[in-house]
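Good morning, and thank you for the time.

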Amino acid sequence: MGTYKCCIFFTRRFALNDASTPGDVRALFSRHAAGAPYMGADELRRYLAATGEAEADADVGAAERIVDRVLQERSRTPRFGRPTLTVDDFHYFLFSEDLNPPIRQSKEVHHDMNAPLSHYFIYTGHNSYLTGNQLSSDCSDIPIIKALQIGVRVIELDMWPNSSKDDVDILHGRTLTAPVSLIKCLRSIKEYAFVASPYPVIITLEDHLTSDLQAKVAKMVIEVFGDILYYPKSKHRQEFPSPEALKGRVILSTKPPKEYLESKVGTMKDRDIGPQFSEGENEEAAWGREVPDIQDEMQSANKQEDDLLCTQRDVEEDDEQKMCQHHPLEYKHLITIKAGKPKGAIVDALKSDPEKVRRLSLSEQELAKVAACHGTRIVSFTHKNLLRIYPKGTRFNSSNYNPFLGWVHGAQMVAFNMQGHGRSLWLMHGFYRANGGCGYVKKPDFMMQTCPDGNVFDPEADLPVKKTLKVKVYMGDGWQSDFKQTHFDTYSPPDFYAKVGIAGVPSDSVMRKTRAVEDSWVPVWEEEFVFPLTVPEIALLRVEVHEYDVSEDDFGGQTVLPVSELRPGIRTVPLFDQKGLKFKSVKLLMRFEFV
């Protein structure tokens, strides 16, 4: 029994429910046990084969190991001399994250990794050195290490001369952020580059240095990375190398070298259009604002003036022409991915050069503006070239945008503030759980194809339903182990409800929710939802749990899973906190079915 105080003199007692076995689980057990009260390893093997976990004639050894582990963890002695499972044991197996996870086994890279880099979405960080907000937080190598440990493959460093102009610091320029030395960041990148993934780490450099400091950077980079630093022998490439060819290598990406401009000329990174939010404004509780619809984003951007489509960067370009006559040759040759910038209309920058490939950077609102009228041109550009999208300059609190704005247009490097939190970042975490969490997710073939009539994938087109996903939420458990008794409600057990939905192209994106189950630490919902999907290849399944409260609902956990990686059948879905850290015990029992 659970006891809660009520007023001053009274207490309320509530029964503590155990994780009851759902009817569907009992029916499944009965079917595969042929109506018997026990299931042996051979019957379990047939169940695993039926759910695609093993071949029909596979060795029974895997099933035997599962049976032995379940009995050991449940402290049960085998009956009748041979290990068998009861229906409750079978439920325990199904409700075990280790034995029955919702997606493919981690570290299982299964995409073709031999295509050029432009064929992949790449896990990308923005201002990777910042520990907090964009204006006054400290700069450190710790956020870089944390990003690499979760599989981020693109690290951004802003290079500036130190106060004495004789060394290089990393900081967010023209802010109050406290610097960290470049050499410290480089050494940490080398140490942690491949702890989560063997595939290449790309360092994007924002260069504000004089030519002598650029030469110093070249020397540092060569000394720190040595043989794992990859750089091209030819001046221009017609195609990027593949992730497989660059396995275990570090590569650099930046604009062509230029002198540090004492005048501190403004760039488009400092500009902004659309709504602006100060830190804490328009935020919804601890889990952040709902992810904005990308069609709304494009329509909002399209209402702005057209200067973003035809902005000239004359001042900066003129300075580069005048001051960049003597750049260090060695520094320039270390740049594998050359970053371009729009000269004149941004739309014109989306023209591909058949003789060379490059990287183009656009802010989230620049992308939204161009995508509103020229979405297919963006898709076509990303067939061979790399497109990097970064957060608008007014996201002072290190918030993020809807990453699908970039992904549906083929943008490979959708750069995020990894030190932030909220629903947008949850989508990023979930998307890169695909392909073994290696940080590279191959684009669907249709996003890379050009039809004989010259047409490419159009994110705005009305597409037919390719696949329908049925999701059933049975129950949840684990909150009582991970939270204090009065965390959600002082006077009674929590009233949990679940939200389930899809993030993807606009026509697929939706959220649904279950009823709230009152006064229970082990809520049983048994509700099913149906999601027609037009582009299932990049869709994400969103799951959130909240505790109903009259004033403001409390957060109970979340996860995001790639639809393409879901394992059909009844699975255990572990939940994560607001920062993306997995709870020790909180999990849901769910079923996935494709029709």
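What follows is a description of this model, from the whole chain down to local detail.

First, the conventions. This is a predicted model, in which local features need pLDDT of at least 70 and side-chain atom pairs count only at pLDDT 80 or more, while totals for chains, interfaces and linings use all residues. Residues are numbered from 1 along each chain as its sequence is written, and side-chain values use heavy atoms, with hydrogens and water left out.

The overall values come next. The protein has 15 helices and 22 strands; these are DSSP runs numbered from the N terminus, helices being H or I of at least four residues and strands E of at least two. Of its 595 residues, 55% count as buried, that is, under 20% relative accessible area with a 1.4 Å probe and protein chains only, where over 50% would be exposed and anything in between partly exposed. The accessible surface comes to about 25900 Å², and 48% of that belongs to carbon and sulfur atoms; the areas come from the Shrake-Rupley method with a 1.4 Å probe. Taking contact as heavy atoms within 4.5 Å, 74% of the contacts between residues at least 6 apart in sequence join residues at least 24 apart.

I turn to the interior. A nonpolar core here is a set of buried Ala, Val, Leu, Ile, Met, Phe, Trp, Tyr and Cys residues joined through side-chain atoms within 4.5 Å. The largest such core has 116 residues, of which Leu157, Ile203, Trp479 and Leu541 touch the most other members. Apart from it lies another core of 26 residues, including Leu28, Phe29, Leu71 and Val522.

Now the strands. Pairing requires that DSSP find at least two bridges between two strands. Strand β22 (residues 582–594) runs antiparallel to β15 (residues 467–477), with 8 bridges joining them, and lysine 472 stands opposite arginine 591. With β21 (residues 569–576), β22 also pairs in the antiparallel sense, over 7 bridges; there, glycine 569 faces phenylalanine 592. The hairpin of β21 and β22 has 5 residues between the strands, and its glycine 580 takes a positive phi near 90°.

Finally, is serine 398 buried or exposed? This residue lies in the loop between β12 (386–390) and α13 (404–407), and it is buried because its relative accessible area is 1%. Its side chain makes a polar contact of 2.9 Å with that of glutamine 134, meaning N or O atoms within 3.5 Å, one able to donate a hydrogen and the other to accept it, with residues adjacent in sequence counted only if both atoms are side-chain atoms.
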